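Here's a quick briefing to read alongside the model. Have the sequence and the 3D view open as you go.

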Amino acid sequence: MIHVVTGGNRSLYRRELAMMHAQRAAMFIDQLGWPLQRDAHGGESDPGDDDQAIYFLVLEADGDLVASCRIRPTLGWSLLGGPAAHLAPGADLAWRTDTWELSRILLLPPSERRPGHVPPAEVRLAILEEACERGVRRLVGLADGLMEEVLMRSGMAIGKLGPTLLFGASPAFAFEIGTGPETIAALRETLGIERARRLRLPDVTTNADIRPQEIEEMLGVAARLERRDLQALMAALRRAAAEEN
């Protein structure tokens, strides 16, 4: 399942976000040599990891994080408007409310993907669906040079914003993607699905020790029940919880 993590539901994903920042450090700092910073916990983060950031996390049933990325508005701050501006010369990013930035694309290598794993194309579809629902008309992004051919053949309406150049110790390039309904429809047809397996939980602040996968399982059970049966089960669970407490 592709979990959409927002500023409002982030308290449910503390463990998973820590894993994401650690994976980002291993990939973008240690492996690619991008000029990025480690946070106090050793993970990679920057000013874009704020309340406006939205993360896409692909979580396995056992809790493993196998893919992730981030989108956020370019208004106020962006990689392509700051540290990586040389990759997108002349790009109009600073004052566009309908332009968001996609970055930190982390995908599990094909050799390590398990049966039933969410394919990268479905993650891309989830990103486009979420962006379109939020009124985003254009995604701009930054990716390492090894991803260039993959993205260019991804089925998305993608174009380069500049040449592939060094960003720190390795090549990187900037791109833009249209998020219109026609692009989404074409990708859905290619994948043969109606929509991506995308779960965006409501805003909640909690210190409860509960895994997102457990919530996902509960929602799966709830979806199979008739409304009357679901209401009866919820009432029984509330009574059981009250007695337990």
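Glu133 comes out as partly exposed in this predicted model, with a relative accessible area of 47%. Its side chain meets that of Arg195 in a salt bridge, at 3.8 Å from N to O. That pair ties together distant parts of the chain, 62 residues apart.

**Around Glu133**
- Glu133 belongs to helix α2 (residues 120-133), while Arg195 sits in the loop between α4 (181-191) and β11 (198-199).
- Arg195 counts as partly exposed too, because its relative accessible area of 44% falls between the 20% and 50% cut-offs.
- Both residues are also part of a salt-bridge network, which links them with Glu129, Glu130, Arg134, Arg188, Arg198 and Arg200.

**Other salt bridges**
- Searching the whole structure turns up 20 salt bridges.
- One of them joins Asp46 and Arg104, whose closest N and O atoms are 2.5 Å apart.
- This is another link between distant parts of the chain: Asp46 is in the loop between β3 (44-45) and β4, and Arg104 is in strand β6 (residues 99-107), 58 residues away.
- Asp46 is buried at 16% relative accessible area, and Arg104 is buried at 1%.
- Arg38 pairs with Asp30 through their side chains, with 2.3 Å from N to O.
- Arg38 is partly exposed, at 43% relative accessible area.

**The second largest pocket**
- Its volume is about 390 Å³, and 13 residues line it.
- Ile210, Ile215, Met218, Leu219 and Leu237 are the lining residues nearest the centre of this pocket.
- Two elements, α5 (212-224) and α6 (227-244), each give two or more residues to the lining.
- Helix α5 is the top contributor to the lining, with five residues.
- What is the lining made of, in terms of nonpolar, polar and charged residues? It has twelve nonpolar residues, one polar and no charged.

- Val221, Leu225, Leu233 and Leu237 make a nonpolar surface patch of about 300 Å².
- Leu237 therefore turns up in the patch as well as among the residues nearest the pocket centre, going by the cut-offs for patches.
- Val221 is found in helix α5 and is partly exposed, with a relative accessible area of 35%.

**A loop residue: Asp64**
- Asp64 lies in the loop between β4 (54-59) and β5 (65-73).
- It is partly exposed, at 31% relative accessibility.
- Asp64 and Leu32 are 32 residues apart along the chain, and their C-alpha atoms are separated by 23 Å.

Terms used
Residues numbered from 1 in each chain as written. Predicted model: local features only at pLDDT ≥ 70, side-chain atom pairs only at ≥ 80, totals over all residues. Heavy atoms only, no water. 1 Å grid on protein atoms, 1.4 Å probe; cavity = no way out; pocket = protein on both sides within 12 Å on 5 of 7 lines; lining within 4 Å. Points joined across faces, edges and corners; volume = space filled by probe spheres on them. Helix = DSSP H or I, 4+ residues; strand = E, 2+ residues; numbered from the N terminus. Nonpolar A, V, L, I, M, F, W, Y, C, P; charged D, E, K, R; others polar. Patch = residues over 30% accessible without salt bridge, like charges linked within 9 Å, V, L, I, M, F, W, Y side chains within 5 Å. Areas by Shrake-Rupley, 256 points an atom, 1.4 Å probe, with all protein chains shown as cover. Salt bridge = Lys/Arg side-chain N within 4 Å of Asp/Glu carboxyl O. Buried < 20%, exposed > 50% of the residue type's maximum accessible area, 1.4 Å probe, protein only.
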